[in-house]
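Morning, everyone. Please bring up the model and keep the sequence beside it. I'll go region by region.

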Amino acid sequence: MPKVTIDGHTIEVPEGTTILQAARMIGGDVTPPAMCYYSKLKTSGGYCRTCIVKVTKGSEKDPRPMPKPVASCRTTVMDGMEVQNNSAPDLLEARKGVVEFLLINHPLDCPICDQAGECHLQDLSYENGLSTSRYEFKRREFEKIDIGDKIKLHMTRCILCYRCVKVADQVCDTRVHGVINRGDVAEISTYIEKAVDHDFSGNMIDVCPVGALTDRTFRFKSRVWFTRPMDAHRDCKTCCGRVVLYMSGNEVLRVSARKDQWGEVEDASEGRAGWICNECRFEKKELKDWTVEGPRNIDRHSVISQNQYLEKKNLRIDVSNQKQIEEKAHN
Ligand code: SF4
Ligand code: FES
């Protein structure tokens, strides 16, 4: 089995493992960010370049370094390879450039975006971005489109990661949308706004790393960090029925698939991805529809887990109660 060293950590991995997968096996800060790669979707990766790393030694047989940063999600580990991610300042500088490119057209509408609090681009730009933009030209603008009665597309926020196209290709039987045009006029389109109404089409919302595809049944209902995520399941004939309920009191505001530490849908059983069907996601919004297992542990550096921390410490405030907000602010 080939051995690879990433930021000083050495690991043996199965033949054919990519640098990104090897880094995820090591875990922690060693792992590069990934905006388009999604391990449950075949042929994903290779579009966004956020996962770039510096290969300082190609392999035991050919120790020459690679001449430029490579996409770790698309580069296979060679025996004896040495890689730098966080330990290479010039690589981090290059990643900042990638983030700046991704942000050229992305609007700064986080205060009204439903993805705020769980947006990977928000995290990425916080960790690797510049606080200003050098871009002076007119940005891309699109009208918002309803694709089907449950999904809203804000193309202006899209970073063209192709994940939703791959969900449509690989998880749904039929695909009625894709990326049309190329370069700075490329866009996700259903042509004549055809409804995406397959049983599993809602999973496009879960894989979208930004707020380009949002759940119309949840839009503007609550900031996600004010909700209480709960693991729950039901006996569903179409999908695994294992979900996260985002609750406010006893009200179910949103239902999503369960995601792992990389923001990807968890395995349900026998290595099969836990995609959920549209009935579970959009139609089952009553608590009696579900068997609640308990609070969801949000394992990302996320404002949602911050809310759970406040709750554990009994510091959570009722946002509708101005007096309580003022009291907490004074303490
Ligand atoms: S809509 Fe979302 S998932 Fe689809 S390509 Fe754009 S950013 Fe990616
Ligand atoms: S995650 Fe590797 S290129 Fe996007």
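Leu160 sits in the loop between β7 (151-153) and α4. Helices here are DSSP runs of H or I with at least four residues, strands are runs of E with at least two, and both are numbered from the N terminus. This is a predicted model: local features need pLDDT of at least 70, side-chain atom pairs count only at pLDDT 80 or more, and totals for chains, interfaces and linings use all residues. Residues are numbered from 1 along each chain as its sequence is written, and chains are lettered from A and ligands numbered from 1 in the order in which they are written.

Back to the loop. Leu160 has a phi near 55°, positive in a residue that is not glycine. Tyr162 lies in the loop between β7 and α4 too. Its phi is also positive, about 70°, and Tyr162 is not a glycine either.

Buried or exposed? Buried means 20 or more other C-beta atoms within 10 Å of the residue's own, exposed means 12 or fewer, and partly exposed is in between; C-beta atoms are placed from the backbone. Leu160 has 19 other C-beta atoms within 10 Å, so it is partly exposed. Tyr162 has 22 C-beta neighbours inside 10 Å, so it counts as buried.

Next, helix α4, residues 163-170. Its buried residues are Arg163, Cys164, Lys166, Val167 and Ala168. What covers them? The cover includes β9 (187-189), α5 (203-207) and β10 (213-215). Contact here means C-beta atoms, placed from the backbone, within 7 Å.

Cys164 comes up again at ligand 1. The closest residues there are Cys158, Cys161, Cys164, Cys208 and Ala212, in a shell of 14. A residue is near a molecule or strand if its C-beta atom, placed from the backbone, lies within 6 Å of it. By class, the shell has 13 nonpolar residues, no polar and one charged. Nonpolar covers Ala, Val, Leu, Ile, Met, Phe, Trp, Tyr, Cys and Pro; charged covers Asp, Glu, Lys and Arg; the others, Gly among them, are polar.

Now the sheet. It is open, with five strands in the order β2-β1-β5-β3-β4 and mixed pairing. β2 (9-12) and β4 (70-71) are the edges, each with a single partner strand, so one side of each has no neighbour in the sheet. Two strands pair if DSSP finds at least two bridges between them. β1 (residues 3-6) and β5 (residues 81-84) pair in the parallel sense over three bridges. Ile6 stands opposite Val83 in β5.

Note on methods:
Two residues are in contact if their C-beta atoms, placed from the backbone, lie within 7 Å.
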